[in-house]
Amino acid sequence: MSELTRKAEKLDAGDELAAKRDAFVLDGPGDPDGAVYLDGNSLGALPVAVPGRVADVVRREWGEMRIRSWTESGWWTAPERIGDRIAPLVGAAAGQIVVGDSTSVNVFKALVGAVRLARETDPGRDEILVDATTFPTDGYIAGSAARMTGCTLRPVEPSGAPDALGERTAAVLLNHVDYRTGRLHDLPSLTAAVHAAGAYAVWDLCHSAGALPVGLDAHGVDLAVGCTYKYLNGGPGSPAYLYVRADLQDRFDSPLPGWNSHAEPFGMRSAYEPATGAVRGRVGTPDILSMLALEAALEVWDGVTVEAVRAKSLALTDFFLECVAEYVPEGRVECLTPLPHEERGSQVALRCPDAGDVMRRLIERGVVGDFRHPDVLRFGFTPLYVGFADVERAARVLAEELR
């Protein structure tokens, strides 16, 4: 047994979150024929409680109760109820998050809404700044939002955003964690800089919610969006969410006013009157099946603090980097993920010239990460179900494939 294998055993023995692994459908720990799943930053593992809950929704609530379930089973209030369940995971008080639609749709709502908020007091604000390293859809949506609002779109590196801000800036769209490198951006200071310039901050939390503290309320974030199928384990295509800070909700003018966000949704009025509170972020009929699967998935967070998750996340990524340094031949990979804890999300990205082929071979051997064009190996560490023995095995198999 190697020194790192012994260290992994010791770390697993002291892991306060180790029991949470049993709440997920996974291969057994230490099973040489099972998979080490390090792709939860793309699609979280299936929580054990979800299949039974979905079956009950389909067979009983839909099959037997049918339309009564909108009221008697709480379907109608699910977007806000589940939003309140997500709120503590991103540092928000209740009543500020609504669940529904995709991340892309919510980015559009938030960004156009932010421009409209800025122009209430300064109609001359005609510029949107967007993270130049963003996941492509954010850039596409930002471009469309700019065209629709008559704004100029300026891509900027997140670290350069404070210097790029000016009196014309209306809104700034940034990613909390870079999806390629795992770099964690400084949400508090960047939000403060946006506010100092008189603009509104919109944050994409897809790669941070459920992996590390966010502090939306504490840091005065204006609007935020995020998906639920990564670290929140909501399932493929599970609905996203929209956060609008409480004191902005009555002024939030959604570019997608639907009947679900109407003050009287069943009044069937021709004139639109927005509802109050988080409901204003709704559009159309909620995706009940996927939404209630998400609600069941969020039960895994019972008794868990985000701080404990963050501590284990950093320990996992530290240990992985230690194992890579020990096992992988020198010069074979380059770490793109920042080493300082304050700059690191919950993934490790390694540059490797033949990354696509390497990842294919890793997956064939049961180490499941993913590949990002042209040369990046990504390994995501979901603290609720990834253990330190998983980490050691992943690094060892990676080294074997790179020799």
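Trp75 is buried, with 7% relative accessible area (buried is under 20%, exposed over 50% and partly exposed in between, using a 1.4 Å probe and protein chains only). The model here is a predicted one, so local features need pLDDT of at least 70 and side-chain atom pairs count only at pLDDT 80 or more, while totals for chains, interfaces and linings use all residues. Residues are numbered from 1 along each chain as its sequence is written, and side-chain values use heavy atoms, leaving out hydrogens and water.

Back to the rings: there are 11 aromatic pairs in the structure. Rings of Phe, Tyr and Trp (its six-membered ring) pair with centres within 6.5 Å; planes under 30 degrees apart are stacked, over 60 edge-to-face, and the rest tilted. Trp70 is partly exposed, at 23% relative accessibility. Ring pairs tie Trp70, Trp75, Trp76, Trp259 and Phe266 into a cluster. Over the ring of Trp76 sits the charged end of Arg282, 4.9 Å from the centre (this calls for NZ of Lys or CZ of Arg within 6 Å of the ring centre and within 35 degrees of the ring normal).

Then there is strand 5, residues 169-175, with 7 of its 7 residues buried. Strands (E, at least two residues) and helices (H or I, at least four) are DSSP runs numbered from the N terminus, and two strands pair if DSSP finds at least two bridges between them. Strand 5 runs parallel to strand 3 (residues 127-131) over 4 bridges, with Leu173 as the bridge partner of Val130. Strand 5 and strand 6 (residues 200-204) are also parallel, joined by 5 bridges.
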